Amino acid sequence: MFKRLKDPKSPEELIRRGDDFRIGDKEEQSFEEALSFYRKASYKGSAVANYLIGTMYEAGHGVAQSYKEAYKWYERSYEMGYGPAETAIAFLLESGLGVKRSRGMAIEHYQNSSEGRDYRAINNLGLIYRDRNGSEHNDHGAVVLFQKGNLDQSYPCTANLALMYEKGLDVKRNCETAASLFKKAARQGSLTSKRALAEMYSFGLGLPRSSRIATHLYLEAARWGDPEAIAFLKGEDVEVPSYSFSPAKVTVPRDMLALGLRYLEGSTIGLSVPSAMHWIESAARAGSTTAMFVLGQMYENGYGVERSPNVAMRWYRWGAEKGNGACAYNLAFLYEGIHTEDADKLAFSYYRQAAESDCDDDVKSDAYYSLGLFLSEGIGTERSETGALEAFIESADMGNANAQYLLGRMLLEGRGTPVSEVTAIKYLRMAADQGDDRAEEILASLG
């Protein structure tokens, strides 16, 4: 249960209460309630509140989505001296959303904001400079900006800097440096970087060639609905999007999601989390369970938004109810962290749903592995060595190294089945081949 707090008075208190409802971690998420508090803070003269109201209009949170209204509120905030509002204005001016397009004015605003180390302005100005079709094309300027953003731990800038090294744009082409930067950005959630790393592993560019690792990375990206990753896994060709200041209108869920991801990534279009949220949520409301999974990931891990396990669970639950195995798996994982009997039962139920769903082998193998652990320990269900063994076999045969190790150990110990040292060694060897030191140690002891 959420605890009701005293009514706030100051603009700062009002904004904090609005944030509670917008983020949905301390309160049940309600964009309408959040907007109400932001408006009260705005009436008291808060530039921050005006900016936040602008983001609500851009995302369509608690109000009908309107770039025109968003621009008005950003302008009010900017006139009061709030820095992030200038970047938001620049994005709308560059894109021609809600206001007449003016790339010149956008660049001027981006330059002002980038001097204040606004990572979004730094990234978007870098994209303009990297655009080979624009009169402002300046690869050197792009590299300098992306380097600046990378130092400030901005993963879109890190990913874009990696692209400059991969392609040798104003820097000496260096695939090893590109791979290192892509890895850094991927750890922070960059979809662009995961896909780029998959390609580099596939062809051995700056990294040891590994079709296994490449496939795992492509599956991760495809789980988010990334068109390029999906096409690769299907063996199809896909047109790679180039830089565009304002894309064509989209009307189907798949394209809504793809556009939202582009706004979230900031590699082929200006970075804008509010616009990303608008399009990803539009795809989810139109029935895309992939978009529901993406929103769950964003809230669970804090990708572009403040972390909120409560809201993440809501999106995962909706996706799981509609049959999305990845949503079911992640929902089970979050329930597992609650540590109550009811939560354990729900975790077991959702892991089973994920294992039995029509999803990729990575999700299935992880789900079967978790089921094996639950069954072997009697967590959320009755303890069953035989059931655990069956689950571990399913997971191990799909390539899960942890399941291969545990299965090999169980077989050696004769748990749940007659002893089969040959089969045990087979699974331990499979785990060791994937770098599992525990399996290697057991194999060494067996001679």
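A salt bridge here is a side-chain nitrogen of Lys or Arg within 4 Å of a carboxyl oxygen of Asp or Glu. By that rule, the count for this structure comes to 20 salt bridges. Keep in mind as you click around that this is a predicted model.

**Stop 1: a pair of helices**

Start by selecting residues 47-59, which make up helix H3, and residues 67-79, which make up helix H4. Colour them separately and look along the place where they pack. Their axes lie 8 Å apart, at an angle of about 165 degrees. Angles over 145 degrees count as roughly antiparallel, and H3 and H4 are therefore roughly antiparallel to each other. The crossing of H3 past H4 is left-handed.

Now show side chains at the contact. On the H3 side, pick Ala47, Asn50, Tyr51, Ile53, Gly54, Thr55, Tyr57 and Glu58. Facing them from H4 you'll find Tyr67, Glu69, Ala70, Trp73, Tyr74, Arg76 and Ser77. Sorted by class, the contact between H3 and H4 has eight nonpolar, four polar and three charged residues.

**Stop 2**

How far apart are Glu69 and Lys72 along helix H4? They are three residues apart, so about one helical turn separates them.

**Stop 3: Arg383 and Glu385**

Next, jump to Arg383 and Glu385. Here the side chains form a salt bridge at 3.0 Å, N to O. The cut-off for buried is under 20%.

**Stop 4: Arg438 and Asp436**

Move on to Arg438 and Asp436. This is another salt bridge, with the closest N and O atoms 2.7 Å apart. Asp436 is buried, with a relative accessible area of 9%, while Arg438 is partly exposed at 38%.

**Last stop: a network**

Finally, select Arg17, Asp20 and Glu27 together. Salt bridges that share partners join these three residues into one network. As a general point to take away, side chains of opposite charge can pair when their charged atoms come close.

Conventions:
Residues numbered from 1 in each chain as written. Predicted model: local features only at pLDDT ≥ 70, side-chain atom pairs only at ≥ 80, totals over all residues. Heavy atoms only, no water. Axes fitted to C-alpha atoms, helices over the stretch in contact; angles between N-to-C directions. Helix = DSSP H or I, 4+ residues; strand = E, 2+ residues; numbered from the N terminus. Parallel < 35°, antiparallel > 145°, perpendicular 65-115°, else oblique. Left-handed = near helix turned anticlockwise from the far one by under 90°. Contact = heavy atoms within 4.5 Å. Nonpolar A, V, L, I, M, F, W, Y, C, P; charged D, E, K, R; others polar. Buried < 20%, exposed > 50% of the residue type's maximum accessible area, 1.4 Å probe, protein only.
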